Amino acid sequence: MKAACFRLSMVASLLAGLSGCGTSEPIRYYSLAAPAQSSLSGSARMLVEVLPVAVPERLNRTEMILTGADGRLDIRYADQWAAPVADEIAQVVDDVLWRTLGATDTYRAPTPAVAGGPPQYRLALHVERFEAGPSLSATVSASWTIRRLPQGTSATCRVQVTSSLATLSPDKVATALSQASGQVAELVADSLGRLNRDLPDVCPAGM
């Protein structure tokens, strides 16, 4: 009798656990990159080896992270990026480079220099802050180095972009961080374009 009661108790506990799993909060996915624009096509005017984006290990994950005023991290397991943050930012940079400069990423498909061919560069981007929360703001700060290949002129720049937030809802946070990442990518592209034109002030104004 005791054994039968024990088995019934175990079955009841198992069913309760399964019931709890069935009611868990569904995962919502977000992306930093804008929807693909199919009209952007043609030959590359510039070749850029975009090295893997460096992001602090604690931030390079798929879960959305909110930062409290005391520095405590709130990991939102139900709100996730479509890919780790480093990959998301790399996609934003690739999209902006192509859209603004006609520059294509050659990191995974290295292309040898050809006389009279498109100019070639190497881009190393380090994202130092990627956070939302403190003072209802979203902040992306990054530094980057661009070098003309094979051994040409280089420049190193740094920028911080901060956007205000009305609330810390996941939708608002995703939108704000997407916009801030896009602005950083635009500044990276602008500095690359200025270096390519041999202009003296390569980094964004005020840096």
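## Aromatic pair

A search of the whole structure, a predicted model, turns up one aromatic pair. Trp 81 and Phe 130 form this pair, edge-to-face, at 6.0 Å centre to centre and 65 degrees between the planes. Rings of Phe, Tyr and Trp (its six-membered ring) pair if their centres lie within 6.5 Å; planes under 30 degrees apart are stacked, over 60 edge-to-face, and the rest tilted. The pair links distant parts of the chain, 49 residues apart: Trp 81 sits in strand E4 (residues 73-81) and Phe 130 in strand E6 (residues 120-132).

Trp 81 is buried, at 2% relative accessible area. Phe 130 is buried too, at 5%. Buried means under 20% relative accessible area, exposed over 50%, and partly exposed in between (1.4 Å probe, protein chains only).

## Model and fold

This is a predicted model, in which local features need pLDDT of at least 70, side-chain atom pairs count only at pLDDT 80 or more, and totals for chains, interfaces and linings use all residues. Residues are numbered from 1 along each chain as its sequence is written, and side-chain values use heavy atoms, with hydrogens and water left out.

The protein has three helices and eight strands. From the N terminus on, the order is α-β-β-β-β-α-β-β-β-β-α. Helices (H or I, at least four residues) and strands (E, at least two) are DSSP runs, numbered from the N terminus. Of the 207 residues, 37% are buried. Among contacts with a separation of 6 or more, 67% join residues 24 or more positions apart. Contact means heavy atoms within 4.5 Å.

## A buried aspartate

Asp 79 belongs to strand E4. Asp 79 counts as buried, at 1% relative accessibility. Its side chain makes a polar contact of 2.7 Å with the side chain of Arg 28. A polar contact is a pair of N or O atoms within 3.5 Å; within protein, one must be able to donate a hydrogen and the other to accept it, and residues adjacent in sequence count only if both atoms are side-chain atoms.

Neighbours within four places in sequence aside, Asp 79 touches Arg 28, Tyr 30, Thr 62, Glu 63, Met 64 and Pro 170.

## Cavities

The count is two cavities of 30 Å³ or more. On a 1 Å grid over the protein atoms alone, a cavity is a set of points where a 1.4 Å probe fits but cannot get out; a pocket is an open set with protein on both sides within 12 Å along at least five of seven lines; lining residues have an atom within 4 Å of a point. Grid points are joined across faces, edges and corners, and a volume is the space filled by probe spheres set on the points.

The largest cavity holds about 70 Å³. Its lining includes both aromatic partners, Trp 81 and Phe 130. Also in the lining are Leu 59, Arg 61, Glu 63, Ile 65, Val 85, Glu 131, Ala 132 and Leu 177. Strand E3 (63-67) and E6 each supply at least two lining residues, and E6 gives the largest share, three. By class, the lining has seven nonpolar, no polar and three charged residues. Ala, Val, Leu, Ile, Met, Phe, Trp, Tyr, Cys and Pro count as nonpolar, Asp, Glu, Lys and Arg as charged, and the others, Gly among them, as polar.

The second largest cavity has a volume of about 30 Å³. Ile 89, Val 93, Leu 125, Val 140, Ser 181, Val 184 and Ala 185 line it. Six are nonpolar, one is polar and none is charged.

## Second largest pocket

Helix H2 (residues 85-101) gives the most to its lining, with five residues. The lining has seven nonpolar, one polar and four charged residues. Among them are Val 50, Leu 51, Pro 52, Asp 87, Gln 91, Asp 94, Tyr 107 and Arg 108.

## Backbone exceptions

Most residues other than glycine have a negative phi, and most peptide bonds are trans. The peptide bond from Leu 149 to Pro 150 is cis, with omega near 10 degrees. Pro 150 lies in the loop between strand E7 (137-148) and strand E8 (154-164).

Leu 136 has a positive phi of about 50 degrees. Leu 136 sits in the loop between E6 and E7 and is partly exposed, at 37% relative accessible area. Asp 198 also has a positive phi, near 60 degrees. Asp 198 falls in the segment after helix H3 (170-196) and is exposed, at 64%.
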